[in-house]
Amino acid sequence: MPTPTRPRPTGEPTRVDGVRLESLHVIQDVRGAGRVLDDVSFEAPAARLTVIAGSSGAGKTVLLETLAGLRPATAGSVRHDGAEPLPPGPEFGFVPQEDVVHRELPLRQTLVHAGRLRLPSGTPVEAVAARVDDVLAALGLTDRAATRVGALSGGERKRACVAAELLTRPRVLFLDEPTSGLDPVSGAALLATLRELAGNGTTVVLTTHVLADLPRCDQVVFLAPGGRLAYAGPPDALRAAFGAQTVEEVYAAVAGGAVAPPARSGAGSEAGSAAGSAQRAVPECPEAVAPGPGAVRQWLLLTRRTAALLVRNRLSVAVLAGSPVMIVAMFAVLFRPGAFDAASPDPGTTTMIMFWIAFGAFFFGLTYGLLQICTELPVLRREFLAGLRIGPYVAAKLTTVLPVLAVADALLLAVLRALDRLPAAGWSTYGSLFVTSVLASAAALALGLLTSAAVTEPGQATLMLPLLCFPQVLFSGAFVPVPRMALGGRVISWAMTNRWAFEALGGAVRLPALWRDGGSPMGPPLLASYGDSFGHPAVRGWVVLVGFAAVFLGGTWAVLVRKCRSYGGR
């Protein structure tokens, strides 16, 4: 984990020592795309604003990620101040094209959460708040501090993403097309902000396809198709280097294969730069200071943030409130009261009630979990670079959502009992029903988190809902008892969490005894078809459900670690 630098006290000048970047004969091959960068050499001076330009597909983003050290070069090397690239950490800022701040929370609250996760452990809450206020003022966002991030304009959201990076006062800041999609005024304002940052010492490198960005920078790095370097030098010499009257003509010339002469573009200086780099002393490592928040602290901070996001997300609130109401309404319409009357039980109805309770708990957990991760994957990836651990992140999702599920399960059981859709029984029976329901919800929540981590966008997660639900309905043993299934069905049923919840619930209310003792003519044949499905203690089902939850959570952790570690092709 990278070593954080010591935060400066509020009020201290914000000037930092920028990082000098060098690209030395960099070649970059990308799987599926072939050679994206071809022998690219140039230097980006410290405390300057460098713009990487070029047509679409020229390799701008790949070059940016390579300069940042997120994508190791296939050949050649990248140097930061003549040494190995800075590891992701407080001295390093990276803003991808996607927003890397949550949209549901007010801007200031979002930045406070980011600051408490990124600043060294032990930083007082007051110091974090003061640092957030300083950054908001520096970026002209003070009057928008109480505004929900999703309600900010495109330019303001970009500045909000930059604000999250500035909390640790980075020495170098990389941005991938920050002005894309912005109107000319917002784009110019953002470039002016970035120039001011460079003036305060931060090395700023960004990619762009906006022509107006080029004259506002200190250096232009222009890539030709195929990832070759066409020009590297000051923006006021760009047109002359290609004998062009406009920047548009430069793009046309480069697309046609034109490359500026090395002496004018600076592309031929890489040999001297490399030699000079070899003679320079390697900079000393920054002073070791207090590390960032530990795993437990991260878990607590993430739990608090996840709870705030859950409350403020309208879709989440609608799902939280609507799912239990829908399930209860279904029970009231489908099933008559008194099905568990010991004098005249209704075996078919009691079986279906137990099944739908199990499925209701599964549905609660799955729907609550499906959108928990895929909607914030860009934020997670960026925070992972800043030192966030995946274990506390996954644990925070579980500890935030599971209590809500427990309340929903408890209310479901209470309402069904009040409506006489469940038998009159003691606390031990209902305690067993409750534990089974919560564990079924936990396993389904874990499955939802795994699915949410595996997909790439919320629409895919929504499509997965019926695909995950149908097998749980068909192979749980309610419609076709497990003993009556074909061999393939019995094998599949072992992987269905709903089966184990259904059987544990049926055992808790003693369905076999109810059917047998009630004297119903349907009892013995139906009992025989289920075999010993309901004859095992509920603990067996609990153990299986806990096991499923652990496996799904472990899978979620593994998928997220792989996705975050592969960010930028690392």
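1. A word on terms before we look at the helices: axes here are lines fitted to C-alpha atoms, for helices over the stretch in contact, and angles run from 0 to 180 degrees between N-to-C directions. Helices are DSSP runs (H or I, at least four residues), numbered from the N terminus. This is a predicted model, in which local features need pLDDT of at least 70 and side-chain atom pairs count only at pLDDT 80 or more, while totals for chains, interfaces and linings use all residues. Residues are numbered from 1 along each chain as its sequence is written, and side-chain values use heavy atoms, with hydrogens and water left out.

2. Have a look at α12 (residues 347-370) and α16 (residues 458-474): their axes come within 11 Å and cross at roughly 160°. That makes α12 roughly antiparallel to α16 (the label for angles over 145 degrees). The crossing is right-handed, meaning that the near helix is turned clockwise from the far one by less than a right angle.

3. Which residues of α12 and α16 make the contact? From α12 come Phe-355, Phe-359, Phe-362, Phe-363, Leu-366, Thr-367 and Leu-370, and from α16 Ala-461, Leu-465, Leu-468, Cys-469, Gln-472 and Val-473 (contact means heavy atoms within 4.5 Å). They divide into 11 nonpolar, 2 polar and no charged. Here Ala, Val, Leu, Ile, Met, Phe, Trp, Tyr, Cys and Pro count as nonpolar, Asp, Glu, Lys and Arg as charged, and the others, Gly among them, as polar.

4. On to salt bridges (a side-chain nitrogen of Lys or Arg within 4 Å of a carboxyl oxygen of Asp or Glu): the count comes to 19. One of them joins Arg-118 and Glu-165, with the closest N and O atoms 3.3 Å apart. Arg-118 sits in α2 (residues 107-118) and Glu-165 in α4 (residues 154-166), 47 residues apart. Both Arg-118 and Glu-165 are buried (under 20% relative accessible area).

5. Glu-84 and Arg-79 also meet in a salt bridge, at 3.0 Å from N to O. Glu-84 is exposed at 57% relative accessible area, and Arg-79 is partly exposed at 21% (exposed means over 50%, partly exposed between that and the buried limit, with a 1.4 Å probe and protein chains only).

Technical notes
Helix = DSSP H or I, 4+ residues; strand = E, 2+ residues; numbered from the N terminus. Parallel < 35°, antiparallel > 145°, perpendicular 65-115°, else oblique.
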